[in-house]
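Please go through the ring pairs, the charges over rings and the disulfide of the structure shown below.

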Amino acid sequence: QVQLVESGGGLVQPGGSLRLSCAASGSISIFRIYAMGWYRQAPGKQRDLVAGITSGGSTDYNDSVKGRFTISRDNAKNTVYLQMNSLKPEDTAVYYCFLDGLGPRRWGQGTQVTVSV
């Protein structure tokens, strides 16, 4: 089994920053070959891709976060990060980490990000 442990969520004012982390452990053997990333889901809305990163380092971002969010990975630590700057109230959602390449997509439990005055 693969476990994805998320951290870094919380409450922040508009214009502030947060850094989310997702550490993978368990049956994964060669972390660097897997794609990882983040989805988010606000109440009453669908779950949308925020950012993804492939084994080769290619990245993909939701248009609404381009220029503000940066996804990166540290293969030595089996960890993916999401640096979120210039946060807006509409970024408020539960953020879910995912991993692809071990059969069915694996999901973290989610971490709440709230952007509010």
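Buried means under 20% relative accessible area, exposed means over 50%, and partly exposed lies in between (1.4 Å probe, protein chains only). The model is predicted, so local features need pLDDT of at least 70 and side-chain atom pairs count only at pLDDT 80 or more, while totals for chains, interfaces and linings use all residues. Residues are numbered from 1 along each chain as its sequence is written, and side-chain values use heavy atoms, with hydrogens and water left out.

Q: Is Tyr39 buried or exposed, and what is its relative accessible area?
A: The limit for a buried residue is under 20%. Tyr39 falls in the buried class, with a relative accessible area of 18%.

Q: How many aromatic pairs are there?
A: Rings of Phe, Tyr and Trp (its six-membered ring) pair if their centres lie within 6.5 Å; planes under 30 degrees apart are stacked, over 60 edge-to-face, and the rest tilted. By this rule the number of aromatic pairs is three.

Q: What kind of pair do Tyr39 and Trp107 form?
A: The ring centres of Tyr39 and Trp107 are 5.5 Å apart. Their planes are at 75 degrees, and the pair is edge-to-face.

Q: How many residues apart are Tyr39 and Trp107?
A: Strands (E, at least two residues) are DSSP runs, numbered from the N terminus. Tyr39 is in strand E4 (residues 35–41) and Trp107 in strand E10 (residues 106–107). This pair links distant parts of the chain, 68 residues apart.

Q: Why is the pair of Phe98 and Trp107 tilted?
A: Phe98 is buried, with a relative accessible area of 5%, whereas Trp107 is partly exposed at 35%. The ring centres of Phe98 and Trp107 are 6.0 Å apart. The pair is tilted because the planes are at 55 degrees.

Q: Which charged end sits over the ring of Phe98?
A: A charge sits over a ring if NZ of Lys or CZ of Arg is within 6 Å of the ring centre and within 35 degrees of the ring normal. At 4.2 Å from the centre of the Phe98 ring is the charged end of Arg105.

Q: Which residue does a disulfide join to Cys22?
A: A disulfide is a pair of cysteine sulfur atoms within 2.5 Å. The S to S distance is 2.0 Å, and the partner of Cys22 is Cys97.

Notes
Helices (H or I, at least four residues) and strands (E, at least two) are DSSP runs, numbered from the N terminus.
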